Every structure is written in structure tokens, then in C-alpha cells.
Amino acid sequence: MHYHIAAKNSNADLWSSPTVYQMLHNKLYVGDMVQGRHKKVSYKSEKTISASQSQWIVVENTHEAIIDRGTFETVQMMLKERTRSGGRCR
């Protein structure tokens, strides 16, 4: 089984920004299984493309949750509210 670490640098801390970002957005931690996030361009190619979230297959409560659903949903709402504008602060 292949395990993908979000950090490109193998010497980076395990709690790097990309790792925390991935954990905050992954429904796996609330006990849901998500499939179909990526699709192959062709059966002949190894290239994949990201599927839209509406095309994902989500099965809830397939395993024990690490965090409760209420906390996860609160974090998702906070992340939606926390956006950056396109301009730079001066």
C-alpha cells in the first residue's frame, strides 16, 4: 500500500502546513469513505484529473471517526469564512 505524505521534503516535520490542510479537508477523519476524487484520462495513460466534488462517491460511517462530525462541520464553516482577497495589503 502506498502512503503519500503531503510534504515534498522528506526531512520536513510531519505537522507541516500541507499535512494539516489535508487533514482539515479530508472526510476520512469523520468516518466517511470518499471515492472517485480522481479519474484516469485514458486506460492507456497513468495521468489522472480531479473530479468535481459533486461526482465523488461518499459513504458515511464506514469506520470509527477520529473527530466528531460536529467539530468537522464547524471547521468547514470557519474555512469557508476565512478567505483572502486577490489584492495585497499595503
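Reader: Hi! Which residues are linked in a network of salt bridges here?
Author: Lys-27, Asp-32 and Arg-69 make up that network. A salt bridge here is a side-chain nitrogen of Lys or Arg within 4 Å of a carboxyl oxygen of Asp or Glu. This is a predicted model, where local features need pLDDT of at least 70 and side-chain atom pairs count only at pLDDT 80 or more, while totals for chains, interfaces and linings use all residues. Residues are numbered from 1 along each chain as its sequence is written, and side-chain values use heavy atoms, leaving out hydrogens and water.

Reader: Thanks! How many salt bridges does the count come to?
Author: The count comes to two. Asp-32 pairs with Lys-27, their closest N and O atoms being 3.8 Å apart, and Asp-32 also meets Arg-69 at 2.8 Å, N to O. Arg-69 lies in helix 2 and Asp-32 in the loop between helix 1 and strand 1 (33-35), so this pair ties together parts that are 37 residues apart in sequence. Helices (H or I, at least four residues) and strands (E, at least two) are DSSP runs, numbered from the N terminus.

Reader: Nice. Is Asp-32 buried or exposed?
Author: Asp-32 is buried, at 0% relative accessible area. Buried means under 20%, exposed over 50%, and partly exposed in between, with a 1.4 Å probe and protein chains only.

Reader: Staying with helix 2, where is Gln-76 found, and what does Gln-76 touch?
Author: Gln-76 belongs to helix 2, which covers residues 69-81. Leaving aside residues up to four places away in sequence, Gln-76 touches Leu-24 and His-25; contact means heavy atoms within 4.5 Å. With 17% relative accessibility, Gln-76 counts as buried.

Reader: Switching topic, which residues form a nonpolar patch on the surface?
Author: That would be Leu-14, Trp-15, Val-20 and Leu-24, with about 430 Å² of accessible area together. Patch members have over 30% relative accessible area and no salt bridge; like charges are joined within 9 Å and nonpolar side chains (Val, Leu, Ile, Met, Phe, Trp, Tyr) within 5 Å. The areas come from the Shrake-Rupley method with a 1.4 Å probe, and for residues only the protein chains shown count as cover. Val-20, in helix 1 (residues 17-25), is partly exposed at 31%.

Reader: Last one: what sits over the ring of Trp-56?
Author: The charged end of Arg-37 does, 4.8 Å from the ring centre. The rule asks for NZ of Lys or CZ of Arg within 6 Å of the ring centre and within 35 degrees of the ring normal.
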